[in-house]
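User: Hi, I'm new to this one. Can you walk me through a few spots?

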Amino acid sequence: MLAESSIAETVSLQRSFFATGKPKNIDFRIEQLKKLKEVIKQSAESIFTAVNADLNKPMFEAYTSELGAITQEIDYALKHIKAWTKIQKKPVSLSLQPASAEICPEPLGVVLIISPWNYPFALSITPLVGAIASGNCAIIKPSELAPHTSKLIAEIITKNFPSEYITVVEGGVSTSQELLKQKFDHIFFTGGTAVGKIIMEAAAKHLTPVTLELGGKSPCIVDEDVNIEVAAKRITWGKFMNSGQTCIAPDYIFVHKNVKQDLCKYIKQSIQEFYGENPIESPDYGRIIGKKHYQKLASLLTGDILVGGESNEDELYIAPTIIDHVTWEDEIMQDEIFGPILPIMEYSDIETAISQINSRPKPLALYIFSQDKNFQTKILQETSSGGVCINDTIKQVGGSSLPFGGVGDSGIGSYHGKASFDTFSHYKSILKRPFYLDLKILYPPYEGKLSLLKKLLG
Ligand code: NAD
């Protein structure tokens with residue numbers, strides 16, 4: 001852990017570097033983005049090894065969700081950075097004429113990125129892409145719970161970027177708290193809702209704006225008219241990848257009672273197809289991050305277990321599990337599960353399902369499996385969530401064109417693509433006036449001018 005004085009020194013060095021104007025230079029930003037892409041490409045093997053050591057993450061998933069996602073974000077930023085950084089001309093109302101108006105995006109300064117352990121590389125570096133593209137200096141605090149990846153991120157960044165520009169500060173909660181004592185120009189936090197509140201409180205002391213990418217219980221509603229086999233595959237994939245430790249994984253199923261049995265049958269079949277008869281032996285099935293998380297999840301393995309239920313503490317293994325006949329009163333429905341346990345609830349009337357969803361905190365994601373446009377529209381209009389994916393899971397975060405973020409308890413702000421650029425930029429409004437036509441009506445003394453003003457304003 002870095003001492004407070006050394007953290008303060010790092011922030012101060014970054015402030016001085018930012019003041020030189022170099023990070024703001026657009027050619028510099030492009031150069032740094034290209035460099036980041038190259039460095040990640042060269043480090044691919046080490047990244048796979050690190051995320052595998054931390055989470056037993058299969059190489060295929062590491063490639064899609066850790067590396068592929070970042071490369072895509074960098075390419076998107078490189079493609080659009082010239083357009084994003086352009087000064088935008090705006091119209092000027094008659095009352096302000098003669099004048100011209102424009103909006104100029106400018107970087108915020110020195111930003112702090114605090115990341116979680118579940119996609120430990122991508123969730124540290126993807127926000128960094130936005131910070132660089134917008135012209136900022138950045139300090140990254142990766143999660144201590146993914147120590148191999150945290151160490152690797154520190155090595156990669158230290159070797160390739162000067163610390164006055166980008167620095168990694170490794171450590172746990174106390175390091176995070178030391179960092180939060182400093183004044184930053186933005187804090188980008190990804191993690192749990194409870195810690196999100198702590199971050200926002202610390203940021204408020206400095207009036208620092210925050211982006212909070214949080215979690216929550218994301219419902220997955222399954223209508224009776226769908227291709228149940230395909231729906232089951234897509235749900236199984238989204239729920240059990242990374243052993244269910246995905247912020248937008250379907251947390252629980254709300255299925256129409258007429259198709260519940262079939263859905264459970266096909267999810268069971270998909271689990272077997274994906275991970276074999278004994279998922280503990282599958283090279284494609286991950287592990288729980290640590291003992292504390294394991295124990296919390298193992299305690300939820302009760303009730304009407306339809307599939308799975310096995311666990312192994314030494315291996316930090318929890319089998320892909322489906323639990324039927326779950327009610328809102330059950331322990332498993334109180335908080336985000338964040339593990340490979342899928343509770344099934346049924347509905348017969350979508351109104352009731354919607355009102356039950358709406359009586360809880362707004363989720364990060366909401367999934368609708370239905371072919372009925374009216375059904376889809378009803379849910380879209382009557383519920384609120386960070387994002388929605390219809391007839392699939394997870395894919396809503398797969399591209400750079402859609403902003404990704406929560407609403408209410410699932411987060412504040414968003415990122416990915418242009419949203420990342422906006423997050424780390426300030427849009428400065430500028431009005432320019434010439435010296436000619438200096439209308440005296442605005443200046444005191446006002447006597448005798450009010451009636452003319454009233455006429456002018458209509
Ligand atoms: P966490 O909130 O426990 O930790 C996140 C980061 O905050 C870590 O770097 C940690 O060191 C730091 N931290 C922890 N406690 C702190 C404290 N008291 N003060 C200051 N800093 C502190 O989250 P996690 O367990 O790493 O990740 C799991 C959670 O993150 C889940 O709720 C999940 O839904 C959410 N998540 C959200 C997204 C998203 O994009 N919205 C992505 C991944 C994970």
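User: Where does Tyr-317 sit?
Analyst: Tyr-317 is in strand E12, which covers residues 317–318. Keep in mind that this is a predicted model.

User: Is Tyr-317 buried or exposed?
Analyst: Tyr-317 counts as buried, because its relative accessibility is 2% and the cut-off for buried is under 20%.

User: Which residues is Tyr-317 in contact with, leaving aside its neighbours within four places in sequence?
Analyst: Among them are Pro-279, Ile-280, Tyr-285, Arg-287 and Tyr-294. Pro-279 is 38 residues apart from Tyr-317 in sequence, with 9.2 Å between their C-alpha atoms. As for Ile-280, the side chain of Tyr-317 reaches its backbone nitrogen at 3.3 Å.

User: Switching to helix H12: which residues are buried there?
Analyst: Ile-350, Ala-353, Ile-354 and Ile-357 are buried in H12, which runs over residues 350–358. They lie on the same side of the helix, because they cover an arc of only 100° around the axis.

User: Why would that spacing work?
Analyst: An α-helix has 3.6 residues a turn, so residues three or four places apart point the same way.

User: And what covers the buried residues of H12?
Analyst: The cover includes strands E8, E9, E14 and E15, plus helix H13.

User: What happens at the start of H12?
Analyst: There, a side-chain oxygen of Asp-349 comes to within 3.0 Å of the backbone nitrogen of Glu-351.

User: Last one: what about Glu-106?
Analyst: Glu-106 is in strand E2, residues 100–107. Its relative accessible area is 19%, so Glu-106 is buried. Not counting residues up to four places away in sequence, Glu-106 touches Phe-424, Ser-425, His-426 and Lys-428.

Definitions and conventions:
Residues numbered from 1 in each chain as written. Predicted model: local features only at pLDDT ≥ 70, side-chain atom pairs only at ≥ 80, totals over all residues. Heavy atoms only, no water. Helix = DSSP H or I, 4+ residues; strand = E, 2+ residues; numbered from the N terminus. Buried < 20%, exposed > 50% of the residue type's maximum accessible area, 1.4 Å probe, protein only. Contact = heavy atoms within 4.5 Å. Polar contact = N/O pair within 3.5 Å; in protein donor to acceptor, adjacent residues only side chain to side chain. Arc of directions from axis to C-beta.
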